[in-house]
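Here is my notebook on a structure that I went through piece by piece.

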Amino acid sequence: YTIETSTPPDTPTPIGPYSHVAKAGPFLSISGTAGVNPATGLLAGDDVYAQTRQILKSFSVMLAAAGSDLHHVVHVNVFLKDVGDFEEMNRAYAEKMGSHRPARTVIGVNDLPKPGARLTMNLTAVTID
């Protein structure tokens, strides 16, 4: 497969030398994403619930630009600064993901590159067709 990389419009600006989306045939990988509102460049809120909702909104935009959606996600990694935020992250996650339950890994981390971020998430998915 040829690997295509992109950073779709209406997504947060990457904070390093990477693209948000890498696509190889029907396979998609989305980089670690913080809960940044692309319109303001600021975190969507101080709490993990608001940040999780924003990450999943950003994922929806990125996936749509690559011919996919949240229902075609295969695996999600969640990196939490405070494992005590697990339930609130799950609440926002379940609201946005609906009945789709892809494989998922949650890891507690010491710190994250984006100041104020409570978590980051990345994922793998497949295209719709």
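Which ring does the charged end of Arg104 sit over? I looked it up: the ring is that of Tyr93, and the charged end of Arg104 is 4.6 Å from its centre. My rule for this was that NZ of Lys or CZ of Arg is within 6 Å of the ring centre and within 35 degrees of the ring normal.

**Ground rules.** I am working with a predicted model, where local features need pLDDT of at least 70, side-chain atom pairs count only at pLDDT 80 or more, and totals for chains, interfaces and linings use all residues. Residues are numbered from 1 along each chain as its sequence is written, and side-chain values use heavy atoms, with hydrogens and water left out.

**Another charge over a ring.** I also found the charged end of Arg91 over the ring of Tyr49, 3.9 Å from its centre.

**Ring pairs.** Next I looked for rings of Phe, Tyr and Trp (its six-membered ring) with centres within 6.5 Å; planes under 30 degrees apart count as stacked, over 60 as edge-to-face and the rest as tilted. My count came to one aromatic pair. Tyr1 and Phe27 form an edge-to-face pair, because their ring centres are 6.2 Å apart and their planes are at 75°. The two partners are 26 residues apart, and the pair links distant parts of the chain: Tyr1 is in the segment before β1 (3–6), and Phe27 is in strand β3 (residues 27–33). For these names I used DSSP runs, numbered from the N terminus: helices (H or I, at least four residues) and strands (E, at least two).

I then checked how covered the partners are, with buried meaning under 20% relative accessible area, exposed over 50%, and partly exposed in between (1.4 Å probe, protein chains only). Tyr1 has 73%, so I noted it as exposed. Phe27 is partly exposed, at 45%.

**Strand β8.** Is β8 mostly covered or mostly open? I found it mostly covered: six of the eight residues in β8 (residues 119–126) are buried. I counted strands as paired if DSSP finds at least two bridges between them. β3 and β8 are antiparallel, with five bridges, and Thr33 stands opposite Met121 of β8. Strand β6 (residues 73–80) also runs antiparallel to β8, joined to it by seven bridges. There, Val76 has Leu123 as its bridge partner in β8.

I stayed with Leu123 for a moment. Leu123 is buried, with a relative accessible area of 4%.

**Helix α2.** I placed Met97 in helix α2 (residues 86–97). Met97 is buried, with a relative accessible area of 3%. Between Met97 and Leu56 I noted 41 residues in sequence and 8.3 Å in space, C-alpha to C-alpha.

**Two loop residues.** Asp10 lies in the loop between β1 and β2 (21–24). Its phi is near 65°, a positive value in a residue other than glycine. Asp10 is exposed, at 61% relative accessible area. Asp47 belongs to the loop between β5 (42–43) and α1 (48–65), and is partly exposed, at 38%.

**The largest pocket.** Which residues lie nearest the centre of the largest pocket? They are Thr13, Ile15, Tyr18, Ala34 and Lys114, out of 14 lining residues.

Conventions:
1 Å grid on protein atoms, 1.4 Å probe; cavity = no way out; pocket = protein on both sides within 12 Å on 5 of 7 lines; lining within 4 Å.
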